[in-house]
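Please have the sequence and the model open while reading.

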Amino acid sequence: MRQEKVKLLVLTTCIQCKALKDLLSAHEVDFESTDVDLLFKDERDELFEKMAPYNEKKAFPVTFIGNKAIVGFQKQASMEELGLSYE
């Protein structure tokens, strides 16, 4: 397994976001998670501005693995990027 930093942008009410966090936890992947819907409006606006080039629809979850961003719950892509076997 690769040891790159994993950061998640999630929503507290998002079923796919929870599934992604559960998947990473099940594979003992350390990750940092930000609940975007709990940010103050100005923080959220700034985040959306930074995300716009690769996620203009503001879809969630967003997984950052190293320098790569994966938009949506893409189990296979996330597992492959982490160097984990895909079931």
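How many bridges join strand 1 to strand 2, and do these strands run parallel or antiparallel? In this predicted model, strand 1 (residues 6-10) and strand 2 are parallel and are joined by four bridges. Within this pair, Glu 32 of strand 2 lies opposite Lys 7.

Both strands belong to an open, four-stranded sheet with mixed pairing and the order 2-1-3-4. Strand 2 (32-35) and strand 4 (68-71) are the edge strands; each has a single partner strand, so one side of each has no neighbour in the sheet. On average, and ignoring direction, neighbouring strands of this sheet are turned by 15° against each other.

Helix 1 (residues 15-26) packs on the sheet and touches strand 1, strand 2 and strand 3 (62-65). The direction of helix 1 makes about 160° with that of strand 1. The 12 residues of helix 1 should span 16 Å at 1.5 Å a residue, which agrees with its end C-alpha atoms being 16 Å apart.

| State | Residues of helix 1 |
|---|---|
| Buried (under 20% relative accessible area) | Cys 17, Leu 20, Leu 23, Leu 24 |
| Exposed (over 50% relative accessible area) | Ile 15, Lys 18, Ala 26 |

An α-helix has 3.6 residues a turn, so residues three or four places apart point the same way. The exposed residues Ile 15, Lys 18 and Ala 26 are on the other side of helix 1.

What covers the buried residues of helix 1? The cover includes strand 1, strand 3 and helix 3 (75-82). Just after helix 1, Glu 28 has a positive phi of about 55°.

Conventions
Residues numbered from 1 in each chain as written. Predicted model: local features only at pLDDT ≥ 70, side-chain atom pairs only at ≥ 80, totals over all residues. Heavy atoms only, no water. Pairing = 2+ DSSP bridges. Helix = DSSP H or I, 4+ residues; strand = E, 2+ residues; numbered from the N terminus. Axes fitted to C-alpha atoms, helices over the stretch in contact; angles between N-to-C directions. Contact = heavy atoms within 4.5 Å. Expected span 1.5 Å × (residues − 1). Buried < 20%, exposed > 50% of the residue type's maximum accessible area, 1.4 Å probe, protein only.
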